[in-house]
Amino acid sequence: GRASPPLAALSQVLRLEQSRRTGIVFPLQKLERYLAPGTDTARFRLFQPGLAALQRAEALFRSDRGHRIDYVSSAVRMDHAPPPALPEVCFIGRSNVGKSSLIRALFSLAPEVEVRVSKTPGHTKKMNFFKVGKYFTLVDMPGYGYRAPQDFVEMVEAYLQERRNLKRTFLLVDGVVGLQKTDNIAVEMLEEFGIPYVMVLTKIDRASRGVLLKNVLEIQEFVKENTQGCFPQLFLVSSVEFSGVHLLRCFVAHVTGNLPTVEAS
């Protein structure tokens with residue numbers, strides 16, 4: 001197997017000095033000091049697990065002999081999907097939002113897991129299922145928007161409506177460009193079906209602090225005003241620097257019922 005990249009493991013992050021460590025684990029909190037005085041930051045800290053919870057979650061994403069993480073299968077139709085035996089989360093987003101790269105970062109402590117990152121945007125045309133031991137399944141959905149397959153909507157709608165074991169949908173939004181019209185279509189679909197979901201801002205290493213702050217505040221406002229099923233806290237991630245990846249692992253473990261109590265730090 002390939003070696004894990006730097007900062008993929010919490011033990012490596014804990015060696016950093018305090019402010020850099022906070023920036024990697026809680027990238028949203030790093031932005032707080034740049035907000036105007038009096039800004040409500042409650043939604044920056046709704047999910048704030050302590051070290052023990054982060055470590056327990058990381059163990060789920062680390063494969064070993066007794067705990068295998070495997071690519072299970074791909075499906076273009078729901079009747080090809082594996083049986084809905086375990087709690088499940090799915091990741092959806094525009095083509096080129098960095099979805100496969102993020103899933104590869106989440107699974108970076110199981111380097112034998114093959115997550116194909118397409119060189120051509122819109123190339124993922126199937127639902128790809130990954131089984132994390134006996135704990136949960138993670139599904140990489142086809143991208144929408146630019147060059148998305150014609151049957152994308154039918155495939156994704158069917159999945160969202162029929163998959164009874166789906167615990168949370170992670171809607172990925174490009175942190176550099178913010179919410180796009182195509183993202184709004186996905187939001188409307190999730191709202192219409194009453195599916196609980198979370199918004200994840202990707203590629204935060206590519207956005208200037210000003211742009212990132214503007215996008216965070218605009219999206220938080222959008223979530224507050226226009227959504228019912230969206231978790232009020234945004235998750236910020238960089239698949240390159242591993243910012244937010246440890247926290248996202250912990251949230252996945254939490255929503256799939258594998259962290260019974262999340263201690264606040």
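## Reading the fold

Tutor: Let us begin with contacts along the sequence. In the protein chain, 75% of the contacts with a separation of 6 or more are between residues 24 or more positions apart. Please keep in mind that this is a predicted model.

Student: How many helices and strands does the secondary structure of the protein chain come to?

Tutor: The protein chain has nine helices and seven strands. Its radius of gyration is 17 Å, close to the 18 Å that the globule rule gives for 265 residues, so the chain is as compact as a globular protein of that length. The C-alpha trace spans about 50 × 45 × 35 Å along its principal axes.

Student: What share of the residues in the protein chain is buried?

Tutor: A residue is called buried when its relative accessible area is under 20%. Of the 265 residues in the protein chain, 54% are buried. As for the accessible surface, it comes to about 12400 Å², and carbon and sulfur atoms account for 50% of that.

Student: How many positive and negative side chains are there, and how far apart do the centres of the two sets lie?

Tutor: There are 34 positive and 26 negative side chains in the protein chain, and the two centres lie 7 Å apart.

Student: Which residue in β6 is the bridge partner of T169?

Tutor: The partner of T169 is Y197. Strand β5 (residues 166-174) is joined to β6 by six bridges, and the two run parallel.

Student: Which residues of helix α2 are buried, and what covers them?

Tutor: In α2 (residues 18-25), G23, I24 and V25 are buried. The cover over the buried residues of α2 includes α1 (10-13), α3 (27-32), α4 (51-60) and α9 (245-255).

Student: Where are N96 and K203 found, and is each buried or exposed?

Tutor: N96, which is not a glycine, has a positive phi of about 75°. N96 lies in the loop between β2 (88-93) and α5 (99-106), and at 53% relative accessibility it counts as exposed. K203, also not a glycine, has a positive phi near 60°. K203 lies in the loop between β6 and α8 (209-226), and with a relative accessible area of 14% K203 is buried.

Terms used: Residues numbered from 1 in each chain as written. Predicted model: local features only at pLDDT ≥ 70, side-chain atom pairs only at ≥ 80, totals over all residues. Heavy atoms only, no water. Helix = DSSP H or I, 4+ residues; strand = E, 2+ residues; numbered from the N terminus. Rg over C-alpha atoms; globule rule 2.2 N^0.38 Å. Buried < 20%, exposed > 50% of the residue type's maximum accessible area, 1.4 Å probe, protein only. Contact = heavy atoms within 4.5 Å. Areas by Shrake-Rupley, 256 points an atom, 1.4 Å probe, with all protein chains shown as cover. Lys, Arg positive; Asp, Glu negative; His and termini not counted. Charge placed at Lys NZ, Arg CZ, Asp CG, Glu CD. Pairing = 2+ DSSP bridges.
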